[in-house]
Each structure stands twice: as structure tokens, then as C-alpha cells.
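Hi,

Here is the structure I promised to pass on. Have a look at it first, and then read my notes below.

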Amino acid sequence: MPPHRRRQYVERLAHELKGCLGSFAAQRGFAAAEKLENLGRTGRLSDARVAAGLVEAEVDQLTAGLERWQKGGPPSLRRSYGTGLSVR
């Protein structure tokens, strides 16, 4: 893939992830995806791997919190994820 296509791919994917994370009020994940999006936009792909790892970790935490909630865990994800998301 040509470098300009890689930048566009990273930027677009991060933008989509940012929107999804924002829908769940996952503030840390949103911020991590926003950073990754900006790295793609500016072409700083050398830093993108670390940023993508942060996004992945935040998505994993959100997923774990949602799975706990689905299994009858605490109604608020605030304690387990720190997002401010409150499911009632």
C-alpha cells in the first residue's frame, strides 16, 4: 500500500473508532482514537503503532465492562471502566 493510502486508512479507521467510542461515552478511548486519527492525518505513522495499542486496550476495557453489564454486573460502568457511561 502506498504511504499516502496508509495515512488515509489509519485516519479513516481511527475516525470511525472515535465515533463508536464516543457513542459509549468512552472518553479515554475517544481521546486515544482521536490521537491516532491525527497521526494518520499528519502522516506520523511511526507513532501510530503505539497509539493503536492504546485504542485497542481501551476497546478491550469497554468490551469487558459491557460483557459484565450484560451478565448482570453493576448497572454503571463508571467503576469498572471510568467512562462516565451510566446504564440504567
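Which residues on the other side of helix 1 are exposed? They are Tyr9, Arg12 and Ser23. Bear in mind that this is a predicted model.

Helix 1 itself covers residues 3-23, so to speak the opening stretch of my notes, and has 21 residues. From its first C-alpha to its last it reaches 31 Å, close to the 30 Å expected at 1.5 Å a residue. The buried residues here are Val10, Ala14, Lys18 and Leu21. They sit on the same side of helix 1, because the arc they cover around the axis is only 70 degrees. In general, an α-helix has 3.6 residues a turn, so residues three or four places apart point the same way.

What do the buried residues of helix 1 pack against? Their partners are helix 2 (27-42) and helix 3 (48-70). Val10, for one, is in contact with Leu36, Gly40 and Leu45, leaving aside its neighbours within four places in sequence.

Val10, Ala14 and Leu21 also belong to the largest nonpolar core, which has 12 residues in all. Others in that core include Ala33, Leu39, Val55 and Leu62. Helix 1, helix 2 and helix 3 are the elements that give two or more residues to it.

Leaving aside neighbours within four places in sequence, Lys18 is in contact with Phe30, Ala33, Glu34 and Glu37.

Finally, just after helix 1, Ala25 takes a positive phi of about 55 degrees.

Cheers

Terms used: Residues numbered from 1 in each chain as written. Predicted model: local features only at pLDDT ≥ 70, side-chain atom pairs only at ≥ 80, totals over all residues. Heavy atoms only, no water. Helix = DSSP H or I, 4+ residues; strand = E, 2+ residues; numbered from the N terminus. Expected span 1.5 Å × (residues − 1). Buried < 20%, exposed > 50% of the residue type's maximum accessible area, 1.4 Å probe, protein only. Arc of directions from axis to C-beta. Contact = heavy atoms within 4.5 Å. Core = buried A, V, L, I, M, F, W, Y, C linked by side-chain atoms within 4.5 Å.
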